[in-house]
Amino acid sequence: MVERRAAWMVVVSGGPLGEDSFFRADLATADACLDSLLAHLESKGLSPFA
């Protein structure tokens, strides 16, 4: 990150998201990345818990 602090990134693509789908989030914590990914999956009607 620009502030030179530790950062986390999550990248997912393909699978149930579709061949041309891609999601990336660069955030300050692993928890924030996971929360962002889960919100994205939910917005697509997907759940990792189903």
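Ser21 counts as buried, because its relative accessibility is 19% and buried means under 20% relative accessible area, with exposed over 50% and partly exposed in between, using a 1.4 Å probe and protein chains only. This is a predicted model, in which local features need pLDDT of at least 70 and side-chain atom pairs count only at pLDDT 80 or more, while totals for chains, interfaces and linings use all residues. Residues are numbered from 1 along each chain as its sequence is written, and side-chain values use heavy atoms, with hydrogens and water left out.

Back to Ser21. It sits in the loop between β1, residues 8-13, and β2, residues 22-27. Helices here are DSSP runs of H or I with at least four residues, strands are runs of E with at least two, and both are numbered from the N terminus. Setting aside residues up to four places away in sequence, Ser21 touches Val12, Ser13 and Gly14; contact means heavy atoms within 4.5 Å. A polar atom of the Ser21 side chain also lies 3.5 Å from the backbone oxygen of Leu17.

Leu17 comes up again with His40. His40 belongs to helix α1, residues 30-43, and at 16% relative accessibility it counts as buried. Beyond its neighbours within four places in sequence, His40 is in contact with Leu17 and Phe23.

Now the charged side chains. How many salt bridges does a search of the whole structure find? One, where a salt bridge is a side-chain nitrogen of Lys or Arg within 4 Å of a carboxyl oxygen of Asp or Glu. Arg24 forms it with Asp26, and the closest N and O atoms are 2.9 Å apart. Arg24 is partly exposed, at 46% relative accessible area, and Asp26 is partly exposed at 38%.

On the surface, Met9, Val11 and Phe22 form a nonpolar patch with about 310 Å² of accessible area together. Patches take residues with over 30% relative accessible area and no salt bridge, joining like charges within 9 Å and nonpolar side chains (Val, Leu, Ile, Met, Phe, Trp, Tyr) within 5 Å. Val11 lies in strand β1 and is partly exposed, at 43% relative accessibility.

Last, the chain as a whole. It has one helix and two strands, in the pattern β-β-α along the sequence. Of its 50 residues, 20% are buried. The accessible surface is about 4000 Å², with 55% belonging to carbon and sulfur atoms; areas come from the Shrake-Rupley method with a 1.4 Å probe, and for residues only the protein chains shown count as cover.

Key
Polar contact = N/O pair within 3.5 Å; in protein donor to acceptor, adjacent residues only side chain to side chain.
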